[in-house]
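Here are a few notes to read alongside the model.

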Amino acid sequence: GNSIERERAVVKAVAESLAAGDVVNMVTWNTSNAVVMNGHEVTGPNDATLVTAANSLSASGGTDLHAGLVAGYQLATDHYGQSRLNRVFLVSDGGANVGITDEELIGQHSDDADQEGIYMVGVGTGPPDGYNDLLMDVVTDAGRGAYVYVDSAAEARHLFVDRFDEVMEVAARGVQVELTMPWYFQMHKFYGEEYSENPDEVTPQHLAPSDAMIFSQVLKACDPAVVDEQDTIEVKATWETPLSYQPMETSVSFTVAELLAGSKDQLIKGKAIVAYAEALKSGLNADLHAAHDAVTAATGGDDPELSEIAALLELHPAY
């Protein structure tokens, strides 16, 4: 049905974006694995062998996702290129109903492979009913790569032709952000991946080209009388380059007064994005409408990203 048609469209879109010399492996799985390609070097965009393999993809049997991932990572390891970005590219309807289906076990295998610089990109093509979003999210999060959902052939091309670099590449590896603020501030609310006073307890994130990290925090002073607007707040980011793992660092520092006097446009946009994410998590009508109000108020009609978010909220079944 539609799920396998979207899968074929995804693979063909990727084929359109490849360059001569890129190496492709392909393994399909149901209750067993079938290696379709092993070390195939493409001739360029729309490589005929790869396109033929994409058109031949079919659905049958069960879904032993764990075994498929093991085989996929083995092929990626066998053809690992030190000078290349290496990927396991998982396309699935989101189901895992045979073999080891525990999300954490599958995620751990992805995490192990990350030590060799093989990052996962996950693509969901399944129907809305019964689609296991949690499974795909856990697997790709552990695999340190992007996770996208494709709802049409046009969306497949948009993601893997128009935005190929953004989805497939890594611009900064192992990004960590450190916030240093005056002693009298405490974090009242936090929206983001993770936080801790101990950096070892926070999992570093990889960023793709044009990707962004957004943290939303509400800070409160233990006593407003002790706030000194000349005190500074510093943000430091550390990361590694994707191929050579060269350590990088940058930081910015502002006084409390400078922050209070600065433009609030990005703060308003960030809060609108947080409201959108939180509304999707709850799925409640009231939260979806409140998020829509926040997003439309922030966009002013001239922010294409927020306008797209507003349109997506209107499509939610509970809106």
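1. Helices (H or I, at least four residues) and strands (E, at least two) are DSSP runs, numbered from the N terminus. Y245 sits in the loop between β10 (232-240) and β11 (247-255). Its phi is near 60 degrees, a positive value in a residue other than glycine. Y245 counts as partly exposed, at 30% relative accessibility; buried means under 20% relative accessible area, exposed over 50%, and partly exposed in between (1.4 Å probe, protein chains only).

2. Please keep in mind that this is a predicted model, where local features need pLDDT of at least 70, side-chain atom pairs count only at pLDDT 80 or more, and totals for chains, interfaces and linings use all residues. Residues are numbered from 1 along each chain as its sequence is written, and side-chain values use heavy atoms, with hydrogens and water left out.

3. N46 also deserves a look: its phi is near 60 degrees, a positive value in a residue other than glycine. You will find N46 in the loop between β2 (33-41) and α2 (48-55), and its relative accessible area of 44% makes N46 partly exposed.

4. Now the whole chain: it has eleven helices and eleven strands. The radius of gyration (taken over C-alpha atoms) is 22 Å, close to the 20 Å that the globule rule (2.2 Å times the number of residues to the power 0.38) gives for 319 residues, so the chain is as compact as a globular protein of that length. Of the 319 residues, 35% count as buried.
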